[in-house]
Amino acid sequence: MTMINSEIVNDKYIVQLANEDHLRLAETICHEMEQSAKARGTGIAKRSPIYVMEKMLEGKAIIATTLAGEWVGFCYVETWEHGKFVANSGLIVHPDHRQSGIATRIKAKAFELSRERYPHAKIIGLTTSLAVMKINSDLGYEPVTLNQLPGDNAFWKGCSSCVNYDILTRTERKHCLCTGMLYDPEQHKKEEKKEKWNFLKESKLYERWMKIKQRILLRFQERQRARRHERELEAA
């Protein structure tokens with residue numbers, strides 16, 4: 001039995017590798033993913049309960065529950081380009097348990113699972129959340145340009161349910177409101193003795209940068225819509 005398979009228990013939560021006992025929670029998890037995306041005005045790649053169940057049965061999902069078995073949080077692992085890249089995707093926490101630190105524990109467990117199963121893979125993420133950026137940076141991720149993420153069309157198709165997908169496609173995958181992040185195990189070995197990227201030190205800078213990026217990209221989107229409207233009027 002590996003460290004991944006063992007449960008982590010404290011006075012409130014169990015964080016563990018999801019299994020067939022958790023299949024009953026898949027629909028609830030997907031519903032919460034969708035509601036969270038709507039509330040933020042951005043998009044988590046939409047997943048079906050069947051897809052989430054598959055991840056559970058494949059041993060590629062981390063779940064957190066209360067000691068009574070109630071769902072608390074979830075995250076799953078996906079691979080791209082024949083295992084060259086690994087994504088810890090779909091991180092979601094039930095609203096009643098946010099600000100408890102459970103997201104950090106789930107993400108750390110998913111990261112551990114990724115490193116164990118795919119030790120040579122680059123671990124990647126896309127997020128608009130500063131909280132997730134903080135968690136990722138503590139694990140060793142660094143911000144990267146989007147062209148350093150997988151070129152696989154299937155990877156980017158996962159963004160198609162996001163309300164900002166139009167920005168991504170019109171900029172030829174060069175820009176979006178999300179920030180790309182990457183953990184490179186080989187680079188990490190080389191730079192272990194160097195100072196890590198300090199999220200707390202840089203977070204205010206990134207917060208301002210994200211706001212500027214949001215204004216610019218949304219303005220770009222509005223111009224594109226106006227041009228389409230003009231062309232439709234001319235064609236009428």
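## Salt bridges

A salt bridge is a side-chain nitrogen of Lys or Arg within 4 Å of a carboxyl oxygen of Asp or Glu. The structure described here is a predicted model, and it holds 5 salt bridges. One of them joins the side chains of Lys134 and Asp138, with an N to O distance of 2.5 Å. Because that distance is 2.5 Å and the cut-off is 4 Å, the pair qualifies. Both residues belong to helix H4, which covers residues 130-139. They are 4 residues apart, or about one turn of the helix. Lys134 is partly exposed, since its relative accessibility is 24%.

Another salt bridge is formed by the side chains of Asp166 and Arg170, at 2.8 Å from N to O. These two residues sit in helix H6, and because they are 4 residues apart there, about one helical turn separates them. Arg170 has a relative accessibility of 32%, so it counts as partly exposed.

Is Glu78 buried or exposed? Its relative accessibility is 6%, so Glu78 counts as buried; the cut-off for that class is under 20%.

Gly158 is placed in the loop between helix H5 (153-157) and H6. With a relative accessible area of 14%, Gly158 is buried.

Helix H6 spans residues 165-170, and the loop between H6 and strand S8 (179-183) contains Thr171. Thr171 is buried, because its relative accessible area is 12%, under the 20% limit. A polar atom of the Thr171 side chain lies 2.8 Å from the backbone oxygen of Ile167.

Arg173 is found in the loop between H6 and S8 as well. The relative accessible area of Arg173 is 30%, so this residue is partly exposed.

## Positive phi angles

Most residues other than glycine have a negative phi. Which residue has a positive phi of about 65° although it is not a glycine? That residue is Arg173.

Glu81 has a positive phi too, near 55°, and is likewise a residue other than glycine. Glu81 is located in the loop between strand S4 (71-80) and strand S5 (85-93). With a relative accessible area of 29%, Glu81 is partly exposed.

## A positive surface patch

Which residues form a positive surface patch? The patch is made up of Lys211, Arg215, Arg219, Arg223, Arg227 and Arg231. One of these residues, Arg215, lies in helix H8, which runs over residues 199-235. Arg215 counts as partly exposed because its relative accessibility is 49%, and the exposed class needs over 50%.

Note on methods: Residues numbered from 1 in each chain as written. Predicted model: local features only at pLDDT ≥ 70, side-chain atom pairs only at ≥ 80, totals over all residues. Heavy atoms only, no water. Buried < 20%, exposed > 50% of the residue type's maximum accessible area, 1.4 Å probe, protein only. Polar contact = N/O pair within 3.5 Å; in protein donor to acceptor, adjacent residues only side chain to side chain. Patch = residues over 30% accessible without salt bridge, like charges linked within 9 Å, V, L, I, M, F, W, Y side chains within 5 Å. Areas by Shrake-Rupley, 256 points an atom, 1.4 Å probe, with all protein chains shown as cover. Lys, Arg positive; Asp, Glu negative; His and termini not counted. Charge placed at Lys NZ, Arg CZ, Asp CG, Glu CD.
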